[in-house]
Amino acid sequence: MNRPAPLRRLLVSLLLSCAVLMGATACGGGNESKTASSSASPSGTSSAEAQKFAKTRFVANAGLAAGATYQWIVKPYRAGKFKKGADGRTFALVKAGLAGGFAYNRLKAAVVNAKGDPLLSKAVAPLTAGIESLKGLGSKLRNGEAGAGDIGAFESVISGIKDAGKSAGAEVKDKVPSSSQLGG
């Protein structure tokens, strides 16, 4: 009487395997021709389109950088979360380190986006040195070595980016990224 159960399991697993195999082959055939044709003729963005979206991309990237800086660096620092012996210090430092690296990355992207708009490019150009100075602050924050001057550097660069955007007609508002955006 135990024989029918293994036979049923074998039959069910065989049917499921066939269904998966048929589904995979049905889906796989169409993608090969699409992949080949799309790689053969890449479509570029015209300079007019790139310029049209330059401000939008700049605002998005700068807003994410500003939001991450305020939410996970400035606010916890002011609340004393980075001080030795503070509750949740390790978690706050790790988050601040990730936020610092994320903010640096988004600021670099914002500068690249600003190059697509002449007015925005001129406004952001003086800030590139300040953004470069933030390069190592993410790891400094993560290790708990950041001080008031380092936090002030982040605030200064973010306010400079906001002012540059505002003067070029691209107002930047803080947009706090999700934790998953920070991590990767």
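**Confidence, fold and side-chain pairing in the predicted model**

The structure is a predicted model, with a mean pLDDT of 79 for the protein and with 71% of residues at 70 or more. Over residues 24-44 the pLDDT stays under 50, and for this stretch the model has 0 contacts beyond four places in sequence. Where pLDDT is low, the predicted coordinates should not be read in detail.

The protein contains 8 helices and 0 strands, which gives the pattern α-α-α-α-α-α-α-α when read along the sequence. Among contacts with a separation of 6 or more, 77% are accounted for by residues 24 or more positions apart. Of the 184 residues, 31% count as buried, while the accessible surface comes to about 11400 Å², with 59% of that area belonging to carbon and sulfur atoms.

Alanine 96, placed in helix H3, is buried, with a relative accessible area of 0%. Leaving out residues up to four places away in sequence, alanine 96 touches Trp72, Ile73, Phe82 and Leu141; its C-alpha atom is separated by 8.6 Å from that of alanine 68, which is 28 residues away along the chain. Lysine 95 is likewise found in helix H3, and, with neighbours within four places in sequence set aside, it is in contact with Trp72, Ser179 and Leu182. Lysine 95 is buried yet takes part in no salt bridge, and the nearest side chain of opposite charge, that of aspartate 174, is 16 Å away.

The structure holds 4 salt bridges, including one between arginine 78 and glutamate 155, whose closest N and O atoms are 2.5 Å apart. Because arginine 78 lies in helix H2 (residues 47-78) and glutamate 155 in helix H7 (residues 148-167), this pair ties together parts that are 77 residues apart in sequence. Arginine 78 counts as exposed, at 58% relative accessibility, whereas glutamate 155 is partly exposed, with a relative accessible area of 30%.

A further salt bridge joins the side chains of lysine 108 and glutamate 132, at 2.4 Å from N to O. This pair links distant parts of the chain, with lysine 108 in helix H3 and glutamate 132 in helix H5 (residues 128-132), 24 residues apart. Lysine 108 is partly exposed at 33% relative accessibility, and glutamate 132 is also partly exposed, with a relative accessible area of 34%.

The side chains of aspartate 150 and lysine 140 likewise meet in a salt bridge, with an N to O distance of 3.3 Å. Here the link runs between helix H7, which holds aspartate 150, and helix H6 (residues 137-142), which holds lysine 140, the two residues being 10 residues apart. Aspartate 150 is buried, with a relative accessible area of 15%, whereas lysine 140 is partly exposed, at 30%.

Aromatic pairing was also examined, and the count comes to 1 aromatic pair. The rings of tyrosine 77 and phenylalanine 82 have centres 6.0 Å apart and planes at 50°, and the pair is therefore tilted. Tyrosine 77 counts as partly exposed, at 29% relative accessibility, while phenylalanine 82, at 11%, counts as buried. Phenylalanine 82 is also one of the residues touched by alanine 96.

Definitions and conventions:
Residues are numbered from 1 along each chain as its sequence is written. This is a predicted model: local features need pLDDT of at least 70, side-chain atom pairs count only at pLDDT 80 or more; totals for chains, interfaces and linings use all residues. Side-chain values use heavy atoms; hydrogens and water are left out. pLDDT is the predictor's confidence in each residue, from 0 to 100. Contact means heavy atoms within 4.5 Å. Helices (H or I, at least four residues) and strands (E, at least two) are DSSP runs, numbered from the N terminus. Buried means under 20% relative accessible area, exposed over 50%, partly exposed in between (1.4 Å probe, protein chains only). Lys and Arg count as positive and Asp and Glu as negative; His and the chain ends are not counted. Accessible areas come from the Shrake-Rupley method with a 1.4 Å probe; for residues, only the protein chains shown count as cover. Rings of Phe, Tyr and Trp (its six-membered ring) pair if their centres lie within 6.5 Å; planes under 30 degrees apart count as stacked, over 60 as edge-to-face and the rest as tilted.
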